[in-house]
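Thank you all for coming. I would like to walk slowly through one protein structure this morning, so please keep the picture in view while I talk.

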Amino acid sequence: MATFKGMISVLLLTLNTLFWGVPLIVLTLLKVITPVQRYRLRILNALCAVALNWIGVNLWWMKRWLRPQVQYSVPDSLSPDQWWLVISNHRSWTDIFILLMAVHRRVPMPRFFLKRQLIWIPIVGLAFWALEFPFMRRFSRDQITANPKLATIDRQSTERMCRQARQAPIAIFNFVEGTRFTPAKRDAQLSPYQHLMRPKAGGIAQVLSLLGDQLNGILDVTISYANPSPTFWGFLCGQEAPITLHAKQLAIPQWMYESNYHEEKQHKERFHAWINSLWQEKDALLDNQTDHD
């Protein structure tokens, strides 16, 4: 029965993607051939509307068909007419839909930092590209040491997104650990946290330096699963154990507006101290929720 439910879920996700894929492809072609910037911006807004409808339909059937056991705690101050930076821990592909269930249409159209490989997903990858999501290549330290120019590629992608973001409200989502948490990855990374990977500060530091004066705040999200090994397939089968999402709004300290993460060592150290402190609080919260499960 669970496998059958999962197959129906995949079918519903596919049909919804194909349905909204038609206007997506048409608008993307128009965006490519339109030379005037203000018209391109209108097309981008139309693409955002298509994406929000795709998200909305998915959340509609997921809530009714899968009936996930999810508890949310989200600030009342959120608005789709404001700019937000959303940071979160990362356990499963399910995280994305749980996050969207909590903040859909309460914040602007989300943009996620994505691994470049995701651009090859049919239709969805095209949507990511057309909506100008920042694609991260995430070169290794050895690769960057051999070719220092590689370090600027991800920064340029983030900068393009932030330039565009100044023209309309945006919610920038970043799973700052860079990968999904597993105990094996945690141990290999020598992470000092029990339930988290080491956070990476570079991406959010760049967003804050480029958009800090326009951002209304940082939304710090902690997602906790009662299931120690959550999977997206298990979620689609309606078998996921209870999930808790806690979000709190953080003010942006004045020093973040003036910092230069990539050029000044003291600024980098200050950012790392800030996010490591945040991750210590998040790890304690996850530990407390694990004890209650």
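Let me begin with a question: with which residue does Lys-282 form a salt bridge? Before I answer, please keep in mind that what we are looking at is a predicted model. The partner of Lys-282 is Asp-220, and the closest N and O atoms of the two are 2.7 Å apart. Lys-282 belongs to helix 11, residues 265-292, while Asp-220 sits in strand 7, residues 217-225, so this pair ties together parts that are 62 residues apart in sequence. Buried means under 20% relative accessible area, and Lys-282, with a value of 2%, is therefore buried, as is Asp-220, for which the value is 3%.

That salt bridge is one of five in the structure. Another one joins Glu-132 to Lys-31, with 2.9 Å between the closest N and O atoms. Here Glu-132 is found in the loop between helix 4 and strand 5 (135-136), whereas Lys-31 is in helix 1, so the pair ties together parts that are 101 residues apart in sequence. Lys-31 is buried, at 8% relative accessible area, but Glu-132 counts as partly exposed, at 23%.

A further salt bridge links Arg-186 with Asp-187, whose closest N and O atoms are 3.1 Å apart. In this pair Arg-186 is buried, with 14% relative accessibility, and Asp-187 is partly exposed, with 48%.

Ile-33, which lies in helix 1, counts as exposed because its relative accessibility is 63%, and exposed means over 50%.

My last topic is a pocket. Which residues lie nearest the centre of the second largest pocket? They are Thr-17, Trp-54, Phe-97, Val-124 and Phe-128, out of the 30 residues that line this pocket. Helix 1, helix 2 (37-66), helix 3 (94-103), strand 3 (110-112) and helix 4 each give two or more residues to the lining, and helix 1 gives the most, with seven. The space in the second largest pocket is about 660 Å³, and its lining has 27 nonpolar, three polar and no charged residues.

Technical notes. Residues are numbered from 1 along each chain as its sequence is written. This is a predicted model: local features need pLDDT of at least 70, side-chain atom pairs count only at pLDDT 80 or more; totals for chains, interfaces and linings use all residues. Side-chain values use heavy atoms; hydrogens and water are left out. Helices (H or I, at least four residues) and strands (E, at least two) are DSSP runs, numbered from the N terminus. Buried means under 20% relative accessible area, exposed over 50%, partly exposed in between (1.4 Å probe, protein chains only). On a 1 Å grid over the protein atoms alone, a cavity is a set of points where a 1.4 Å probe fits but cannot get out, and a pocket is an open set with protein on both sides within 12 Å along at least five of seven lines; lining residues have an atom within 4 Å of a point. Grid points are joined across faces, edges and corners, and a volume is the space filled by probe spheres set on the points. Ala, Val, Leu, Ile, Met, Phe, Trp, Tyr, Cys and Pro count as nonpolar, Asp, Glu, Lys and Arg as charged, and the others, Gly among them, as polar. A salt bridge is a side-chain nitrogen of Lys or Arg within 4 Å of a carboxyl oxygen of Asp or Glu.
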